[in-house]
Structures are given as C-alpha cells and as structure tokens.
Amino acid sequence: MISTKAFTLPLLLLASCVSFAPPTGVEPAPSVSRVLGLVNEARARPRRCGGERHAAVPPLAQSAILDRVAVAHAREMAARGRMSHSGADGSTPGERAIRAGYRWQAIGENVAYGQPTSEQVVAGWLGSAHHCANIMDPDYTDMGIGFAAGTRDSARPYWSQVFGKPAP
C-alpha cells in the first residue's frame, strides 16, 4: 500500500503465498467494472481494517487515466517479475499519475501478486489492514485497476490498484 498525502510514502506490500496451477484458474481478462464493483461494495459498509474502524464511504469512480497508470505498472511488474510500488525508473505512484496527466491532491496504490481472480485480489486487499484502509479512505474519489499475467517465472498475475482525488 502506498498512500501519498503531502508526499508521505509508507510502503507495505501484499503478496500471496498460495500457489496455483496457472493459467487454468486465472481470469483471462479481469473486468475493471468487476473490481470497481467489489471495492464499492466494500466501501458501502462500515468495516474494520485491522484494529481500525472505518465508516462507510462514497463509491469510487472509474478513472480512465488511473486505469492506464495501473495497467502500465502491472505490465511493468510482470515483465520484471517483481512486485513493487517503485517503477523500473524509480518512479512513485504519484509521479506516474502526473506523467499520465492526472493532477492529484491525494494518491495511493495497492499492488498484489498471485491472486487469479478479481474476487480473490479484492478479498486479499480487504484482509490486509493497510490495503483495506486504502480502499476505505474517504479522501479518494477515483480508482484505476491494472492486471497483467506474469511473463518471467510464472503466469501468476500482477495487480495494481491506483486511487486518487483530483487537484481542485
């Protein structure tokens, strides 16, 4: 999870240790609307993320720009065979969003590796206190999602979820 507000960048990663036989259980092309729907279902109800309680928050809107940012990052992670919030060029989620044309006042990112379906990746993020807190953050209004099958050591998918709130 990366959440950037006033350029503070705590870094936490979500990885799955569950192995599966790719590609039989992997969604061929996860639906952006399915992931967004699952995230908005989660945001619609109060929930506990670790020891922290979160009130229900408004739904997120799909952002075409953040989708492009997330897809590019997921593809880059898959090509490198490495899950990371840092780009190959050392870029942060905020820098990648700005380069894509998204001017933000709040930006955040969840990444994951290995979950073969939209349902499993969202469940994994919700099961992690810090990733869940990103999902439930009321400062975010927009979301983009990216998915790419691994290309180096396995076909396990890489995921990038980018949250944002545009600058006024």
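Colleague: Which residues of helix α3 are buried?

Modeller: In this predicted model, helix α3 spans residues 93-100, and Pro 93, Gly 94, Arg 96 and Ala 97 are buried there. They cover an arc of only 165 degrees around the axis, which puts them on the same side of α3. The helix is followed by Gly 101, whose phi is positive, near 105 degrees.

Colleague: Which strands pair with β6, and in what sense?

Modeller: Strand β4, residues 61-62, pairs with β6 in the parallel sense over two bridges, and Gln 62 stands opposite Met 143 in β6. Strand β7, residues 157-166, runs antiparallel to β6 and is joined to β6 by eight bridges, with Phe 147 standing opposite Trp 159 in β7.

Colleague: How many aromatic pairs does a search of the whole structure find?

Modeller: The search finds three aromatic pairs. One of them joins Tyr 140 and Phe 163, which are stacked at 5.2 Å centre to centre, with 20 degrees between the planes. Tyr 140 lies in the loop between α5 and β6 and Phe 163 in strand β7, so the pair ties together parts that are 23 residues apart in sequence.

Colleague: What is the arrangement of the rings of Phe 147 and Trp 159?

Modeller: Their centres are 4.7 Å apart and their planes stand at 70 degrees, so the pair is edge-to-face. Both Phe 147 and Trp 159 are buried.

Note on methods: Residues numbered from 1 in each chain as written. Predicted model: local features only at pLDDT ≥ 70, side-chain atom pairs only at ≥ 80, totals over all residues. Heavy atoms only, no water. Pairing = 2+ DSSP bridges. Helix = DSSP H or I, 4+ residues; strand = E, 2+ residues; numbered from the N terminus. Buried < 20%, exposed > 50% of the residue type's maximum accessible area, 1.4 Å probe, protein only. Arc of directions from axis to C-beta. Phe/Tyr/Trp six-rings, centres within 6.5 Å; stacked < 30°, edge-to-face > 60°.
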